[in-house]
Structures are given as structure tokens and as C-alpha cells.
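Me: I would like to learn how to read a model of this kind, one feature at a time. Please give the general idea before each case.

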Amino acid sequence: LLARVPGVTHAEFWPGTSAWLVDGNGIATVATALVGPEPDSPLIELRLLAGHGLSADDPHGAVVNQAVVAGVGSLAVGDSVRVRLRGRSVAFRVAGIARELAPMPVLYAPRAAVLAATGQTADSTRILRVVTAGHDDAAQRSAAGAIERECERRGLAVANIQRMQDAKQGILD
């Protein structure tokens, strides 16, 4: 899809969905994002407070952020964390706990585990992460426009395009 888009040097498509955290009593409590990057992705750098990051050697291990820990009540590396998707609960083993700037709960699990949990096909995506050739404001905005035009040309809906710098600034503001 993006091979011919000017200004794009690398892209990753991550499956995912919105789910509900399930507390110790089996009650769905807090909306969370379930996101499935490849374990060896260079486009995700989680600041770990405990445990380890996603690993191909740990296909059911997930990294949760501090908002997930707060939403469940308490979690430690090795514990099970459950989310509710489409009326059923899915469990992941906590491999790591990350500290993120974003206050929203996010559970990161290997791509294959997220596809299996959601029933999505391999060509589904929730997040598209893009690296641009130029990193200045003008180059990033130009690439974003080209991506949007290419998606529209192919009949693909784009819900949102946001530069990482803008996302960080929005959270800080």
C-alpha cells in the first residue's frame, strides 16, 4: 500500500481493538486498547518498570502500561491479565509493565496473539506506524497527506493521522 508513497521509508501495520479490562471479580471495568505489534518492532520503545518487552519466545506474554495496573487494582510480572472482547474473556500473561506518558490503558501483545484473540485477519489494522524520510514538520505533513490520498484512492477509510510529536504535545497540554 505505501511502497509508492513519497516520503515513506518504513511502515508497520498493527492489529488491535478496544477491549474491557476484567478485574479479579470477573467484572469488565475499564476500556483499554489491545495492540499487536511484532515483538521485534523497531517502532515501539516501551520504558519498562518491571519484566521484559514483547518477545517472539513468549507468544502469550503481554506488556501492560501503568494505567492497566491501576485499572485492575494490582498486577505484577507473571500475573494474568484478562480483557473482555465480544462477550468473552481472553487472558494474557504479564511479561512486562511499562510507564507511558499517555494516561489511557494499553495492553501490548504479540501480533499473532492479538489476531487470534480478536479473530481479525492478517490484513486488518488498528494502527499504522510510519517512518518518513524527512523528519521536519513539512516533510511529515507532506507524507501524511500522500498517505491519506493513497488510502482514499484505494477506498480505505482513515480515521486519524497524527504525528508522534503532536500526540506527545497533546498529552502534555
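Reply: Start with exposure: a residue is buried under 20% relative accessible area, exposed over 50%, and partly exposed in between, with a 1.4 Å probe and protein chains only. By that rule Arg86 is exposed, because its relative accessible area is 65%. This is a predicted model, in which local features need pLDDT of at least 70, side-chain atom pairs count only at pLDDT 80 or more, and totals for chains, interfaces and linings use all residues. Residues are numbered from 1 along each chain as its sequence is written, and side-chain values use heavy atoms, with hydrogens and water left out.

Me: How many helices and strands does the protein chain have, and what pattern do they follow?

Reply: There are four helices and nine strands. Along the sequence they run β-β-β-β-β-α-β-β-β-α-β-α-α.

Me: How does the radius of gyration of the protein chain stand against that of a compact globule?

Reply: The radius is taken over C-alpha atoms, and the globule rule is 2.2 Å times the number of residues to the power 0.38. For 173 residues a compact globule would have a value near 16 Å, and the protein chain has 17 Å, which agrees. The C-alpha atoms fill a box of roughly 50 × 35 × 30 Å along the principal axes. Buried residues make up 38% of the 173 residues.

Me: What share of the contacts in the protein chain links residues 24 or more positions apart?

Reply: Contact means heavy atoms within 4.5 Å. Among contacts with a separation of 6 or more, residues 24 or more positions apart account for 70%.

Me: Is Thr32 buried or exposed, and what does it touch?

Reply: Thr32, found in strand E3, is buried, because its relative accessible area is 5%. Not counting residues up to four places away in sequence, its contacts include Trp20, Leu21, Val68, Val83 and Leu107.

Me: Which residues of the largest nonpolar core touch the most other members?

Reply: A nonpolar core is a set of buried Ala, Val, Leu, Ile, Met, Phe, Trp, Tyr and Cys residues joined through side-chain atoms within 4.5 Å. The largest has 20 residues, of which Val64, Val81, Val83, Phe92, Leu107 and Ala109 touch the most other members. Two or more residues come from each of E2, strand E5 (61-65), helix H1 (66-72), E6, E7 and H2. E7 gives the most to this core, with four residues. Apart from it lies another core, of 10 residues, among them Ile44, Leu54, Val63 and Val106. As for Phe92, its contacts beyond four places in sequence include Leu34, His60, Val81, Ala113 and Ala117.

Me: How many residues of helix H2 are buried, and what covers them?

Reply: An α-helix has 3.6 residues a turn, so residues three or four places apart point the same way. H2 (residues 111-118) is mostly covered, with six of its eight residues buried: Arg111, Ala113, Val114, Leu115, Ala117 and Thr118. The cover includes strands E1 (8-14), E2 (16-22), E3 (28-35), E6 (80-85) and E7 (88-99). After H2 comes Gly119, whose phi is positive, near 75 degrees.

Me: What does Pro59 touch?

Reply: Pro59 is in the loop between strand E4 (47-51) and E5. It is partly exposed, because its relative accessible area is 44%. Leaving out residues up to four places away in sequence, Pro59 touches Pro110 and Ala113.

Me: How far is Ala146 from Gly7 in sequence and in space?

Reply: They are 139 residues apart in sequence and 8.4 Å apart in space, C-alpha to C-alpha. Ala146 sits in helix H3 (residues 137-153) and counts as buried, because its relative accessibility is 11%. Leaving aside neighbours within four places in sequence, Ala146 is in contact with Val5 and Pro6.

Me: Where is Leu156 found, and what does it touch?

Reply: Leu156 is in the loop between H3 and helix H4 (164-172). At 41% relative accessibility, Leu156 counts as partly exposed. Beyond four places in sequence, Leu156 touches Leu1 and Cys151.
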